[in-house]
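Please look over the sequence and the model shown below before reading on.

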Amino acid sequence: MLKKIGVLTSGGDSPGMNAAIRAVTRAALAKGIEVVGIRDGFKGLVEGWYEPFDRNSVSETIARGGTILGSARLPEFRNEEVVLKAVAKLQENGIDALVVIGGDGTYKGADALTKHGINCIGLPGTIDNDIEGTDFTIGFDTALNTIVECVDKLRDTSNSHHRCSVVEVMGNRCGDLAIYSGISCGAEILITPETGYDEEAVLEKLRYLENQGKNHAIVIVSEKVCDVKDLADKISKATGFAGRATILGHIQRGGSPTPNDRVLASRMGAKAVELLVEGVGGQCVGIKNNEIVSMSIEECVNMPRSSRKAFYKLFNTLV
Ligand code: F6P
């Protein structure tokens, strides 16, 4: 019988993590299971930074961005001796199972713990939407809304000044934030890991748009694909537009979660507790066609990326 579970957040934070912590806490307490909040991800897990949670511990948190538990990256968790240290700490504290909220690095840690006898369930908490086995990750919708708000503002000023705004968005080698924001904002050009970067083709397209009478343009670029400042300079030199670069950066990770992220996190948190009660471990929760589903973490982290071809086709049709 499950008596006590822990919950932690790990990796880059994302809006909606608090809603997930709240759902896990409240769903477990409702089943008579004790809950412990673990500070600062796997680091706190190893160090024993545990705090008993009651329903008030998660009051007033559903609308808050970030994570009330704190987060950290701990690459050392790949070492078996560190995992064993965490297992010993959990056993010492009578914690039977865990819900871990984070990206695929977090999932791998959860899988290792499960293999050492601590059942873990992973919830996809990242703005990047780069986890397979789910249509959406917790935080993606909020980050997308932030980007769209910013790009709409950039469009106003770039329109007034005959400029081309080159906007870098996050994504950690996944183009979803870029393609969704590109479609939402009516961007003229997209540069993502999926499209690749062809500088001459970008400049040529801008010259073409200018000849078509376009007064301004927006280029959305996924981080780590090209240098946006360098591209903006080249645009100023090789086209009639004045190029300006904007790196949105960590602003994309903050803010109050959208209702969609709050509902998604709440549904996923409750599902994680259900799975643990059934004695399941080593699984991650996802949403597919609006149904909450689960699959093995091992399978999930080894799945190929699902295709976004239809999105790029749509973008190219509408531009
Ligand atoms: O995974 C979330 C994310 O924000 C990525 O989009 C980005 O590449 C990375 O984290 C930034 O990491 P850090 O906050 O450690 O700089």
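**Charges and overall form**

The protein chain carries 36 positive and 41 negative side chains, and the centres of these two sets are 2 Å apart. The model is a predicted one, and every value in this account is to be read with that in mind. In secondary structure, the protein chain comes to 11 helices and 11 strands. Its radius of gyration is 22 Å, close to the 20 Å that the globule rule gives for 319 residues, so the protein chain is as compact as a globular protein of that length. The C-alpha trace, followed along its principal axes, spans about 70 × 35 × 35 Å.

When contacts between residues at least 6 apart in sequence are considered, 75% of them join residues that are at least 24 apart.

**The nonpolar cores**

Which residues have the most contacts inside the largest nonpolar core? This core has 32 residues, and those with the most contacts inside it are Ile5, Val7, Ile21, Val99, Ile101, Leu123 and Met268. At least two residues of the core are supplied by each of strand 1 (4-9), helix 1 (17-30), strand 4 (97-102), strand 5 (119-124), helix 9 (259-277) and strand 10 (283-288). Apart from this core lies another, of 27 residues, which includes Leu8, Leu45, Val83 and Ala86.

With neighbours within four places in sequence left aside, Ile101 is in contact with Val7, Leu8, Thr9, Ser10, Met17, Ala20, Ile21, Thr106, Leu123 and Gly125.

Another residue to look for is Cys120, which lies in strand 5 and is buried, with a relative accessible area of 0%. Leaving aside its neighbours within four places in sequence, Cys120 is in contact with Leu98, Ala110, Leu113, Thr114, Gly281, Gly282 and Gln283.

Why can helix 6 be described as largely enclosed by the rest of the structure? The description applies because 8 of the 10 residues of this helix, which covers residues 176-185, are buried.

Within helix 6, Ser181 is buried with a relative accessible area of 0%, and, with its neighbours within four places in sequence left aside, Ser181 is in contact with Leu144, Ile147, Val148 and Ile220. Helix 5 also holds Thr146, which counts as buried at 17% relative accessibility, because buried means under 20%. Beyond its neighbours within four places in sequence, Thr146 is in contact with Ile251, Gln252 and Gly254.

The backbone on either side of helix 6 deserves a careful look as well. Most residues other than glycine have a negative phi. In the loop between strand 6 and helix 6, however, Asn172 is found, with a positive phi of about 50° although it is not a glycine. Arg173 has its place in the loop between strand 6 and helix 6 too, and its phi is also positive, near 70°. Asn172 is partly exposed, with a relative accessible area of 36%, whereas Arg173 is exposed, with a relative accessible area of 59%. Just after helix 6, Gly186 takes a positive phi of about 65°.

The last stop is Glu278, in the loop between helix 9 and strand 10. Is this residue buried or exposed? At 57% relative accessibility, Glu278 counts as exposed. Although Glu278 and Met1 are 277 residues apart along the chain, their C-alpha atoms are separated by 9.5 Å.

How values were computed
Residues are numbered from 1 along each chain as its sequence is written. This is a predicted model: local features need pLDDT of at least 70, side-chain atom pairs count only at pLDDT 80 or more; totals for chains, interfaces and linings use all residues. Side-chain values use heavy atoms; hydrogens and water are left out. A nonpolar core is a set of buried Ala, Val, Leu, Ile, Met, Phe, Trp, Tyr and Cys residues joined through side-chain atoms within 4.5 Å. Buried means under 20% relative accessible area, exposed over 50%, partly exposed in between (1.4 Å probe, protein chains only). Helices (H or I, at least four residues) and strands (E, at least two) are DSSP runs, numbered from the N terminus. Contact means heavy atoms within 4.5 Å. The radius of gyration is taken over C-alpha atoms; the globule rule is 2.2 Å times the number of residues to the power 0.38. Lys and Arg count as positive and Asp and Glu as negative; His and the chain ends are not counted. The place of a charge is taken as NZ of Lys, CZ of Arg, CG of Asp or CD of Glu.
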